[in-house]
Amino acid sequence: MQLLAGTAGIDLSAVDTVQMFLRDNAGGTVGYSNVGSGPKLTIPNAAQGSVDFTPGSADLVAGSAPYNGYFKLFVTPTTWFFCPEDSEFSIKVRRVW
């Protein structure tokens, strides 16, 4: 995914921690981060605002979709901002046949 400010990628070079929160169709929320043991988020290109999400086999389930989410970007432990700042993105999951 590419986090954008307008049409340009957000420079994540100054961001210490990236968290992504997903809410399923029943209202349950789970968070993922680029820090800690076995992170599911990585930042392959900070200057371009690129974030990769590598879910496990049970992280995204068709029966719980669609998922709505947002990113929380920490510049310091007490300073953060959200992306997108005024809405959420959606992830749709199809069942494997």
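**Reading the features one by one**

Colleague: Which residues does L22 touch, not counting residues up to four places away in sequence?

Modeller: Contact means heavy atoms within 4.5 Å. With residues up to four places away in sequence left out, L22 touches G28, T29, V30, Y32, F53, L60, Y67, N68, G69, F89 and I91. Before we go on, this is a predicted model, where local features need pLDDT of at least 70, side-chain atom pairs count only at pLDDT 80 or more, and totals for chains, interfaces and linings use all residues. Residues are numbered from 1 along each chain as its sequence is written, and side-chain values use heavy atoms, with hydrogens and water left out.

Colleague: Which residues touch the most other members in the largest nonpolar core?

Modeller: In soluble globular proteins, nonpolar side chains tend to be buried together. A nonpolar core is a set of buried Ala, Val, Leu, Ile, Met, Phe, Trp, Tyr and Cys residues joined through side-chain atoms within 4.5 Å. Buried means under 20% relative accessible area, exposed over 50%, and partly exposed in between (1.4 Å probe, protein chains only). Here the largest core has 18 residues, and L3, M20, L22, F71 and L73 touch the most other members. Strand 3, strand 6, strand 7 (67-76) and strand 9 (89-91) are the elements that give two or more residues to this core. Strands are DSSP runs of E with at least two residues, numbered from the N terminus.

Colleague: How do strand 5 and strand 6 pair, and over how many bridges?

Modeller: Two strands pair if DSSP finds at least two bridges between them. Strand 5 (residues 41-45) and strand 6 (residues 50-53) are antiparallel partners, with 3 bridges. N45 stands opposite S50 in strand 6. This hairpin has 4 residues between the strands, and G49 takes a positive phi near 80 degrees there.

Colleague: Is S50 buried or exposed?

Modeller: S50 has a relative accessible area of 18%, so it is buried. Leaving aside neighbours within four places in sequence, S50 is in contact with M1, Q2, L12, T42, I43, P44 and N45. You can look at M1 from its own side too: its place is in the segment before strand 1 (4-5), and at 42% relative accessibility M1 counts as partly exposed.

Colleague: How many aromatic pairs does a search of the whole structure find?

Modeller: Rings of Phe, Tyr and Trp (its six-membered ring) pair if their centres lie within 6.5 Å; planes under 30 degrees apart count as stacked, over 60 as edge-to-face and the rest as tilted. The search finds 5 aromatic pairs. In the pair of Y32 and F53, the ring centres are 5.0 Å apart and the planes are at 55 degrees, so the pair is tilted. Y32 lies in strand 4 (residues 29-33) and F53 in strand 6, so the pair ties together parts that are 21 residues apart in sequence. Y32 counts as buried at 8% relative accessibility, and F53 is buried at 16%. Elsewhere, F21, Y70 and F82 form one aromatic cluster.

Colleague: Which residue lies over the face of W80?

Modeller: A charge sits over a ring if NZ of Lys or CZ of Arg is within 6 Å of the ring centre and within 35 degrees of the ring normal. For W80 that residue is K72, at 4.3 Å from the ring centre.

Colleague: How many salt bridges are there?

Modeller: Side chains of opposite charge can pair when their charged atoms come close. A salt bridge is a side-chain nitrogen of Lys or Arg within 4 Å of a carboxyl oxygen of Asp or Glu, and the count comes to 2. One joins E88 and R23, with the closest N and O atoms 3.1 Å apart. This pair links distant parts of the chain: E88 is in the loop between strand 8 (79-83) and strand 9, and R23 is in strand 3, 65 residues apart. E88 is partly exposed at 35% relative accessibility, and R23 is partly exposed at 31%. D59 forms a salt bridge with K40, and their closest N and O atoms are 2.4 Å apart. D59 is buried, with a relative accessible area of 18%, whereas K40 counts as partly exposed at 25%.
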